[in-house]
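Biologist: Please put the model up, and then I will ask what stands behind the words used for it.

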Amino acid sequence: MTSADVLADAYGRVNESVHEAVTDLTVDDLHERLDSDANPIAWLVWHLTRVQDDHIADAKGTEQLWTTEGWSERFDLPLPTATIGYGHSSAEVAAVRVTSPHLLTDYHDAVHARTVRFVTGLDDSQLDRVLDARWDPPVTLGVRLVSVIADGLQHAGQAAFIRGILLRR
């Protein structure tokens, strides 16, 4: 198994977790907040997908699917187009409203497909390319890709936890 295979497998696990967290939920379930400031499933999945889209586009030196494929217009959020959720206030979290679970999974699937195409084309030497020298140590492509996986799995796990609570009520 190559490093590219490992990365593709890990991103596949994020994708599976997103689908498991969202499938068959109602729109109300997606926006349910366990307390007044808790992140709902819709925001968690939107955020983890926005982060992946943003970071993979940056690593590739291309535009995000959010803008190039019209996802921003489909979501029609009252937020700046470039926002990915970092530092969102409770009100900004609440502003992430979706019309269906399919909107979330369709956007995630598009980002996932692009991510897998990208990572499967990498060889080990490319993983050492520095993406951000402002950090000590500098952030390499390999570190960035693993960071996005960790963030995605963490937020997908939070969404799955909330789903479990909602379904047990």
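What follows is a set of questions about terms, each answered with a value and a cut-off.

Modeller: This is a predicted model, in which local features need pLDDT of at least 70 and side-chain atom pairs count only at pLDDT 80 or more, while totals for chains, interfaces and linings use all residues. Residues are numbered from 1 along each chain as its sequence is written, and side-chain values use heavy atoms, with hydrogens and water left out.

Biologist: Why is H1 called roughly antiparallel to H7?

Modeller: Helix H1 covers residues 3-22 and helix H7 covers residues 101-120, and the angle between them is about 175°. Angles over 145 degrees count as roughly antiparallel, under 35 as roughly parallel, 65 to 115 as roughly perpendicular and the rest as oblique. H1 is therefore roughly antiparallel to H7. Their axes are 9 Å apart. Axes are lines fitted to C-alpha atoms, for helices over the stretch in contact, and angles run from 0 to 180 degrees between N-to-C directions. Helices (H or I, at least four residues) and strands (E, at least two) are DSSP runs, numbered from the N terminus.

Biologist: What makes H3 and H7 roughly parallel?

Modeller: H3 and H7 pack at about 30°, with 10 Å between their axes. H3 and H7 are therefore roughly parallel to each other. The residues in contact (heavy atoms within 4.5 Å) include Trp 46 and Ile 56 of H3 and Tyr 107 and Phe 118 of H7.

Biologist: How do you know whether His 47 is buried or exposed?

Modeller: Buried means under 20% relative accessible area, exposed over 50%, and partly exposed in between (1.4 Å probe, protein chains only). His 47 has a relative accessible area of 2%, so His 47 is buried. His 47 is part of helix H3 (residues 41-60). Not counting residues up to four places away in sequence, His 47 touches Ile 84, Gly 85, Tyr 86, Asp 151 and His 155.

Biologist: And what decides the case of Ala 59?

Modeller: Ala 59 has a relative accessibility of 6%, so Ala 59 counts as buried. Ala 59 also belongs to helix H3. Beyond four places in sequence, its contacts are Phe 118, Arg 129, Leu 131 and Leu 141.

Biologist: Why is Pro 137 called exposed?

Modeller: The relative accessible area of Pro 137 is 61%, so Pro 137 is exposed. Pro 137 sits in the loop between strand E1 (130-132) and strand E2 (139-140). The peptide bond joining Asp 136 and Pro 137 is cis, with omega about 5°.

Biologist: What makes Asp 24 exposed?

Modeller: Asp 24 is at 72% relative accessibility, so Asp 24 counts as exposed. Asp 24 is in the loop between H1 and helix H2 (27-31). Its phi is near 65°, a positive value in a residue other than glycine.

Biologist: Which residues touch the most other members of the largest nonpolar core?

Modeller: A nonpolar core is a set of buried Ala, Val, Leu, Ile, Met, Phe, Trp, Tyr and Cys residues joined through side-chain atoms within 4.5 Å. The largest one has 46 residues, and Ile 41, Phe 75 and Leu 145 touch the most other members. H3 gives this core its largest share, nine residues. Leu 145 has contacts beyond four places in sequence that include Leu 7, Tyr 11 and Ile 56.
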